[in-house]
Amino acid sequence: MSASRPRSIHPASPAPAPAADADLPGGESPPAEPPTERLAYSVDEAARLTGLSRDLLYDQMRHGHLAYLKVGRRRLITRQHLEQFLTITATTQPPSAHDRATG
């Protein structure tokens, strides 16, 4: 039999946030930092930020259209990779039905 290894906490994992009512008097929470200030995002965070699905992002990474960094088992998408992907995607969209009818 093999002994199971204890699970370690990934050092890049964010610490849980303290209770909001303990931060400021009156139960007010401090202003949250906008997520766009971060240097890199998990695939889930990038999906929420862009409104795209996780499956689409993984598919684009697999096909080489969306660059990412591999840190351990995690895939991180940097802000620059995401901006580049969105810029390329916006300029390479197929023509609309109107464009095909008039062209």
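Below is a set of questions and answers about this predicted model.

Q: How many helices and strands does the chain have, and in what order do the elements run?
A: There are 4 helices and 3 strands. Starting at the N terminus, the order is β-α-α-β-β-α-α.

Q: What makes α1 "roughly perpendicular" to α2?
A: Look at the crossing angle. The axes of α1 (residues 43-50) and α2 (residues 54-62) cross at roughly 115° and come within 9 Å. The label covers 65 to 115 degrees, so α1 counts as roughly perpendicular to α2. As for the hand, α1 passes α2 in a right-handed crossing.

Q: Which residues make the contact of α1 and α2?
A: On the α1 side you'll find Val43, Asp44, Ala46 and Ala47, and α2 brings Arg54, Leu57, Tyr58 and Met61. Sorted by type, the contact has 6 nonpolar residues, 2 charged ones and no polar ones.

Q: How do you know that the buried residues of α1 are on the same side of the helix?
A: Start with which ones they are: Val43, Ala46 and Ala47. They span an arc of only 100° around the axis, and that puts them on the same side of α1.

Q: What do the buried residues of α1 pack against?
A: Their partners are β1 (40-42), α2, β3 (74-78) and α3 (79-91).

Q: Why are the buried residues of α2 said to line one face?
A: The buried set here is Leu57, Gln60 and Met61. Looking down the axis of α2, they fall within an arc of 100°, so they line one face of the helix. Asp55 and Arg62, on the other side of α2, are exposed. The cover over the buried residues of α2 includes α1, β3 and α3.

Q: Why is Leu57 called buried?
A: Leu57, in helix α2, has a relative accessible area of 0%. Buried means under 20%, so Leu57 qualifies. Not counting residues up to four places away in sequence, Leu57 touches Val43, Ala46, Ala47, Leu52, Leu66 and Phe85. Take Ala47 from that list: Leu57 and Ala47 are 10 residues apart in sequence, with 7.2 Å between their C-alpha atoms.

Q: What makes Gln60 buried or exposed?
A: Gln60 is in helix α2. Its relative accessible area is 17%, and the cut-off for buried is under 20%, so Gln60 is buried. With its neighbours within four places in sequence left aside, Gln60 is in contact with His65, Leu66 and Phe85.

Q: What about His81: buried or exposed?
A: His81 sits in helix α3. At 18% relative accessible area, His81 is under the 20% limit and therefore buried. Skipping neighbours within four places in sequence, the contacts of His81 are Leu66, Ala67, Tyr68 and Leu69.

Q: Why is Arg74 called partly exposed?
A: The relative accessible area of Arg74 is 27%. Buried needs under 20% and exposed needs over 50%, so Arg74 lands in between and is partly exposed. Arg74 belongs to strand β3. The C-alpha atoms of Arg74 and Ser42 are separated by 7.7 Å, although these residues are 32 residues apart along the chain.

Q: How much of the chain counts as buried?
A: Of its 103 residues, 16% count as buried.

Q: Among contacts between residues at least 6 apart in sequence, what share joins residues at least 24 apart?
A: In this chain that share is 44%.

Notes. Residues are numbered from 1 along each chain as its sequence is written. This is a predicted model: local features need pLDDT of at least 70, side-chain atom pairs count only at pLDDT 80 or more; totals for chains, interfaces and linings use all residues. Side-chain values use heavy atoms; hydrogens and water are left out. Axes are lines fitted to C-alpha atoms, for helices over the stretch in contact, and angles run from 0 to 180 degrees between N-to-C directions. Helices (H or I, at least four residues) and strands (E, at least two) are DSSP runs, numbered from the N terminus. Angles under 35 degrees count as roughly parallel, over 145 as roughly antiparallel, 65 to 115 as roughly perpendicular and the rest as oblique. A crossing is left-handed if the near helix is turned anticlockwise from the far one by less than a right angle, and right-handed if clockwise. Contact means heavy atoms within 4.5 Å. Ala, Val, Leu, Ile, Met, Phe, Trp, Tyr, Cys and Pro count as nonpolar, Asp, Glu, Lys and Arg as charged, and the others, Gly among them, as polar. Buried means under 20% relative accessible area, exposed over 50%, partly exposed in between (1.4 Å probe, protein chains only). The arc is that of the directions from the helix axis to the C-beta atoms.
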